[in-house]
Amino acid sequence: MSKVTILVVEDDASVRNLISTTLKAHDYRFITAATGESAVMEAASHNPDILLLDLGLPDIDGVEVIRRIRSWSNAPIIVISARSEDSDKIDALDAGADDYLTKPFSVDELLARLRATQRRLALIQSSSPQQPVYVNGQLRIDFVSGCAYLGEEELHLTPIEYKLLCLLARNTGKVLTHKFITQSVWGSSWENDVVSLRVFMATLRRKLERGSDSPQYIQTHIGIGYRMLKIEEKDG
Ligand code: CA
């Protein structure tokens with residue numbers, strides 16, 4: 001993979017150093033920022049490929065940093081949060097973050113998340129939203145005919161399952177919150193729909209992921225939402 005530039009935003013010097021050392025050892029290019037304001041400035045001047053963003057910053061809130069950066073940039077944002085509360089992660093995801101890491105995290109976890117984000121980046125760069133066909137592992141969606149296939153076999157999906165599948169596919173690699181999904185699919189007040197969402201996701205997954213040898217396409221984030229995983233070639 002070509003070298004990507006990562007903007008590391010973290011006010012805690014020891015965590016910032018740990019991340020920097022890890023990135024350096026694995027041949028990533030990176031820049032750092034210790035405040036929200038400087039993060040927005042660094043993002044604007046360096047146009048990084050990926051952002052690692054701590055949510056608890058001394059000046060402006062991490063969620064506000066995401067909103068500002070999202071007004072001009074689509075670069076994947078991985079949120080780093082010491083807060084155990086899911087609501088902070090949900091706010092960050094709804095503001096446009098792609099993924100999250102919870103402190104304390106291991107170096108391996110950080111690297112795995114970066115590799116997954118690079119795959120998402122490659123996918124974003126290689127595809128346009130107008131692309132008529134989506135392919136991920138054995139899964140293929142023909143947006144023009146409105147049909148989905150697993151291998152050669154057509155998937156028999158209800159209209160809602162198909163809508164859900166397309167939404168997840170178009171956001172492959174990104175964690176989508178319950179609120180985002182229900183509002184996109186039903187356009188309604190979401191609190192009442194999380195239970196129905198769970199039911200639809202369960203049937204969709206049964207149709208997509210058959211048996212233990214089938215790769216996992218949809219990842220569940222308990223209390224937060226769902227994500228379509230990019231199936232690596234060797235798994236597909
Ligand atoms: Ca912090």
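**Stop 1: α6 and α8**

Select helix α6 (residues 159–170) and helix α8 (residues 194–208). In this predicted model, their axes lie 10 Å apart and meet at an angle of about 80°. Angles of 65 to 115 degrees count as roughly perpendicular, so α6 and α8 are roughly perpendicular to each other.

Now show the side chains at the contact. From α6, pick Ile160, Glu161, Leu164, Leu165 and Leu168. From α8, pick Leu197, Phe200, Met201, Thr203, Leu204, Lys207 and Leu208. Colour them by class: the contact of α6 with α8 has nine nonpolar, one polar and two charged residues.

Keep α6 on screen. How far apart are the end C-alpha atoms of α6? They are 16 Å apart.

Then look at which parts of α6 are covered. Glu161, Tyr162, Leu164, Leu165, Cys166, Leu167, Leu168 and Ala169 are buried.

**Stop 2: His178**

Move to helix α7 (residues 178–185) and select His178. Is His178 buried or exposed? Its relative accessibility is 9%, so His178 counts as buried.

Show what surrounds His178. Apart from neighbours within four places in sequence, His178 is in contact with Val194, Leu197, Gly223, Ile224, Gly225 and Tyr226.

**Stop 3: α2 and α3**

Next, select helix α2 (residues 36–46) and helix α3 (residues 62–70). Their axes come within 10 Å and cross at roughly 20°. Angles under 35 degrees count as roughly parallel, and α2 and α3 are therefore roughly parallel to each other. The crossing of α2 past α3 is right-handed.

Which residues make this contact? On α2 they are Gly36, Glu37, Ala39, Val40 and Ala43. On α3 they are Val65, Arg68 and Ile69. By class, that is five nonpolar, one polar and two charged residues.

**Stop 4: Asn47**

Follow the chain into the loop between α2 and β3 (50–54), and select Asn47. Its phi is near 45°, a positive value in a residue other than glycine. Most residues other than glycine have a negative phi. Is Asn47 buried or exposed? At 53% relative accessibility, Asn47 counts as exposed.

**Stop 5: Asp27**

Go to the loop between α1 (13–25) and β2 (29–33), where Asp27 is found. Check the backbone here too. Asp27 is not a glycine, yet has a positive phi of about 65°.

**Stop 6: Pro104**

Select Pro104, in the loop between β5 (99–102) and α5. Most peptide bonds are trans.

**Stop 7: Thr117**

Finish in helix α5 (residues 107–126) with Thr117. Thr117 counts as buried, because its relative accessibility is 5%.

What does Thr117 touch? Not counting residues up to four places away in sequence, Thr117 touches Ile50, Pro76 and Ile78. Draw a line from Thr117 to Pro76, C-alpha to C-alpha: they are 6.9 Å apart in space. In sequence, Thr117 and Pro76 are 41 residues apart.

Technical notes:
Residues are numbered from 1 along each chain as its sequence is written. This is a predicted model: local features need pLDDT of at least 70, side-chain atom pairs count only at pLDDT 80 or more; totals for chains, interfaces and linings use all residues. Side-chain values use heavy atoms; hydrogens and water are left out. Helices (H or I, at least four residues) and strands (E, at least two) are DSSP runs, numbered from the N terminus. The expected span of a helix is 1.5 Å times one less than its number of residues. Buried means under 20% relative accessible area, exposed over 50%, partly exposed in between (1.4 Å probe, protein chains only). Axes are lines fitted to C-alpha atoms, for helices over the stretch in contact, and angles run from 0 to 180 degrees between N-to-C directions. Angles under 35 degrees count as roughly parallel, over 145 as roughly antiparallel, 65 to 115 as roughly perpendicular and the rest as oblique. A crossing is left-handed if the near helix is turned anticlockwise from the far one by less than a right angle, and right-handed if clockwise. Contact means heavy atoms within 4.5 Å. Ala, Val, Leu, Ile, Met, Phe, Trp, Tyr, Cys and Pro count as nonpolar, Asp, Glu, Lys and Arg as charged, and the others, Gly among them, as polar.
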